[in-house]
Amino acid sequence: MKQILMFMGLCAMLGCSSYAGKEEEAHKEEKTSFLVTSPLQKDTTVIKEYVAQVRSIQHIELRALEKGYLQKIYVDEGQYVQKGQLMFQIMPMLYQAERQKAEAEVNFVDIEYQNTKKLADENVVSKNELALAKAKLDKAKAELALAETHLQFTQIRAPFSGIMDHFQVRLGSLVDEGDLLTTLSDNSKMWVYYNVPEAEYLDYKAQVKNERQTKVDLLLANNKLFNQGGVVETIEADFNNETGNIAFRATFPNPDKLLRHGETGNVQMKVPLSNALIIPQKATFEVLDKKYVYVVDKDNVIRSREITIAAELPHIFVVQEGLSKEDKILLEGLRLVRENEKIHSKFVEPGTVLSQLDLYAE
């Protein structure tokens with residue numbers, strides 16, 4: 001009887017041990033089950049940034065048109081001036097004297113002409129003599145007009161409304177013809193130039209039929225977006241053979257005059273991508289600045305594969321090379337596996353995976 005009880009106890013222990021082993025094996029199998037997904041192929045839009053230079057739509061140098069002493073300065077550095085406003089006065093006395101001399105010559109020659117005309121009407125002098133007197137009068141009037149022009153050149157007026165830069169001369173300076181006085185910028189609108197690589201230019205032209213419909217944003221140096229949107233207005237004619245880039249120009253309204261000539265920033269341009277392959281960023285890992293994913297084959301064996309990233313969006317990558325939409329990639333647990341290891345996997349639809357990510361993709 002005692003032996004029977006011992007035998008039954010031994011069986012019970014073996015039974016429990018067998019059950020515990022199966023439970024542990026099942027638990028282990030559950031622990032090593034990894035989520036797998038595939039790239040999602042869809043049309044999307046990515047935002048690409050380009051280093052940009054901000055320029056005024058009009059930015060000119062104001063130079064002296066006549067030689068002389070700078071007699072008066074009517075404006076100040078950084079001041080907004082209106083079109084036609086007087087800015088500088090070069091001492092005009094010499095040019096005033098030349099105008100007075102020319103006026104006197106016109107009056108004198110005009111009297112001669114009137115007398116000659118009267119004599120010609122009475123057939124006292126020939127018509128040729130009258131024509132000569134008329135030519136002499138026209139010449140004198142031309143000399144007067146030239147003198148008045150020189151006198152006007154002593155006043156430097158704003159050719160358009162804009163903001164002045166700093167002075168290059170000071171009051172009382174002797175300036176020569178052509179000397180730089182200051183610069184003037186019309187900042188009502190700004191031209192923003194940025195360079196686009198040839199491949200991206202070709203993709204852009206294939207997607208966009210009218211550049212003037214392409215809207216862009218400007219990221220300022222303080223990492224904040226400019227509060228006005230811009231529009232691509234023109235693309236230059238030639239590529240830069242040294243860089244392989246072509247220049248785009250976008251126009252931004254500047255009602256608050258925040259943007260100034262010479263600023264820098266980054267243009268953000270939305271680039272449409274057709275049939276793009278999208279994967280979660282968490283499905284990738286990096287080795288020596290190169291991106292990799294674990295590809296799961298039909299036998300559930302994982303192998304690393306290098307991929308090339310075309311664009312980056314929040315939480316996702318757009319893959320340029322290295323994957324197809326039929327490939328299966330490891331989604332989670334990348335640090336828990338090894339190369340050529342066979343795993344237990346559970347497939348999750350790529351649309352489901354991406355819908356659970358906090359992303360923005362059009």
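Two strands count as paired if DSSP finds at least two bridges between them. Strands are DSSP runs of E with at least two residues, helices are DSSP runs of H or I with at least four, and both are numbered from the N terminus. The structure is a predicted model, in which local features need pLDDT of at least 70 and side-chain atom pairs count only at pLDDT 80 or more, while totals for chains, interfaces and linings use all residues. Residues are numbered from 1 along each chain as its sequence is written, and side-chain values use heavy atoms, with hydrogens and water left out.

By these rules, four strands form an open sheet with antiparallel pairing, in the order β6-β5-β3-β8. Its edge strands, β6 (155–157) and β8 (174–175), each pair on one side only. Strand β5, residues 86–90, is joined to β6 by three bridges in the antiparallel sense. Within this part of the sheet, L86 stands opposite R157 of β6. In a regular strand the side chains alternate between the two faces of the sheet.

Strand β15 (residues 290–296) pairs with strand β16 (residues 302–313) over six bridges, and Y294 has S304 in β16 as its bridge partner. The hairpin of β15 and β16 has five residues between the strands, and N300 in this hairpin takes a positive phi near 65°. Strand β16 also pairs with strand β17 (residues 316–321), over five bridges. Here T308 stands opposite E321 in β17. Two residues lie between the strands in the hairpin of β16 and β17, where H315 takes a positive phi near 75°.

A pocket is an open set of points on a 1 Å grid over the protein atoms alone, where a 1.4 Å probe fits and protein lies on both sides within 12 Å along at least five of seven lines; lining residues have an atom within 4 Å of a point. A volume is the space filled by probe spheres set on the points, which are joined across faces, edges and corners. The largest pocket has a volume of about 310 Å³. Its lining consists of 17 residues, and K48, D203, L273, A310 and Q320 lie nearest the centre. At least two lining residues come from each of α4 (198–207), β13 (264–280), β16 and β17, with β13 giving the most, six residues. The lining has 10 nonpolar, four polar and three charged residues, where Ala, Val, Leu, Ile, Met, Phe, Trp, Tyr, Cys and Pro count as nonpolar, Asp, Glu, Lys and Arg as charged, and the others, Gly among them, as polar.

A salt bridge is a side-chain nitrogen of Lys or Arg within 4 Å of a carboxyl oxygen of Asp or Glu. The count by this rule is 10 salt bridges. One of them joins K48 and E200, at 3.6 Å from N to O. This pair links distant parts of the chain, as K48 is in strand β2 (residues 40–63) and E200 is in helix α4, 152 residues apart. Another salt bridge joins D138 and K134 at 3.0 Å, N to O; both residues lie in helix α3 (residues 127–152), four residues apart, about one turn of the helix. R305 and D327 also meet in a salt bridge, at 2.9 Å from N to O. R305 lies in strand β16 and D327 in the loop between β17 and β18 (329–330), so this pair ties together parts that are 22 residues apart in sequence.

Residues are classed as buried under 20% relative accessible area, exposed over 50%, and partly exposed in between (1.4 Å probe, protein chains only). D327 is buried at 15%, whereas R305 is partly exposed at 31%.
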